[in-house]
Amino acid sequence: MPIIRPQNAPKFSWENLKVNDDLGHVTGRVDEGAVLAHAFSIGENPELFIDGLPGIGPFVPPSLLVNDLLKLFLVGYDCTEWGAGGGLHTKSVIKYHAPLPIGAEVTIAGSHIAKYVRGGRCHRSVSSNVRSGSKLIAEMLATETVGYTTDNGPDSGAIPPNWSDGFAKVEGKFDPSAPRALSGAAVEPGMVIGPVTRWAGLEQSVMFSGYPFAWAQEKPFMRQGLHTNFEVAERAGYPVPVVQGLLSAGHLSTLLLKQFGAKVFDGAELALKFVAPTLAGTKLTSHAVVQKDSLEDSWLMSLATVAQDDSLKTVGYAKVPK
């Protein structure tokens, strides 16, 4: 079976969630159909991936498996009860190690490394990775709330650190007079990469979030959750489904890919914070700004995604090897 669940998986709940738990693993092939579906969800031309890059050939979008990395808890825990596993994704650290050829077999595995309370909200952090054979393709450290309430007592537990801790706050705006980087060309400090605008409608949300591990199953199921179902969204206090924050990670990852090409697969890292929910039916505009104090061996960029009303949705930093 492509999805291997641990024996006697417990019901998903804050009380049952264990650090260093067994989340099982998922194995399957990422075919061209999965690439086409993901390209639609992030608003990109699939030819970018199907035609491929020089020296790489056709490849899987680097952000295609990030939702599955987050959703691995669906394998490790019993989430069959209505609404089980609900929460808001608050931040992610993503690292891309190598390109994945279309049609290659991959395995996803991981475990929770932290559970903590901040501001009355319960949080869980899962560390997971994608491998193809012995090759590490990508890894992610993701934090999500457990439920939506804010009355869970005083702060407790430790927050996992990430490499962008201590960096300046990203405001989400850039100087309109700043020079724009040409796609595929060399960059300089102060340049703006992008912006790029993409539609994030219900259709995109359903395609991105509604079919976890579809590439590994003969009969994919549609997950009825905050990102796909009106009733679940309304129970959580939203008028329509909420677009997953990781959708903007797809926009930003592809923005970097178009600028830096294959270097993204040499260890590029994104540290993202999802600062506000995005309702389905929103236009998202993403950009990067090359920082003047870039790292010795990498370009350092601030990242931001804003909605059409200029509200900030995603902020963070990226570093791409020079």
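The buried residues of helix α5 pack against α1 (32-42), α3 (66-70), β7 (192-200), β8 and α7. Buried denotes under 20% relative accessible area with a 1.4 Å probe and protein chains only, and contact denotes heavy atoms within 4.5 Å. The model is predicted: local features need pLDDT of at least 70, side-chain atom pairs count only at pLDDT 80 or more, and totals for chains, interfaces and linings use all residues. Residues are numbered from 1 along each chain, and side-chain values use heavy atoms, without hydrogens and water.

**Helix α5**
- Helix α5 spans residues 202-209, and its buried residues are Gln204, Ser205, Val206, Phe208 and Ser209.
- Ser205, which lies in helix α5, counts as buried because its relative accessibility is 1%.
- Apart from neighbours within four places in sequence, Ser205 is in contact with Gly210, His227, Thr228, Val242 and Val243.

**Largest pocket**
- The lining of the largest pocket comprises 49 residues, and Thr90, Lys91, Leu272, Lys273 and Phe274 lie nearest the centre of the pocket.
- Elements that each supply at least two lining residues include β3 (89-96), β8 (242-243), α7 (246-260) and β9 (269-274).
- The largest share of the lining, six residues, comes from β13, which covers residues 312-321.
- By residue class, the lining holds 23 nonpolar, 18 polar and eight charged residues; Ala, Val, Leu, Ile, Met, Phe, Trp, Tyr, Cys and Pro count as nonpolar, Asp, Glu, Lys and Arg as charged, and the others, Gly among them, as polar.

How values were computed: 1 Å grid on protein atoms, 1.4 Å probe; cavity = no way out; pocket = protein on both sides within 12 Å on 5 of 7 lines; lining within 4 Å. Helix = DSSP H or I, 4+ residues; strand = E, 2+ residues; numbered from the N terminus. Buried < 20%, exposed > 50% of the residue type's maximum accessible area, 1.4 Å probe, protein only.
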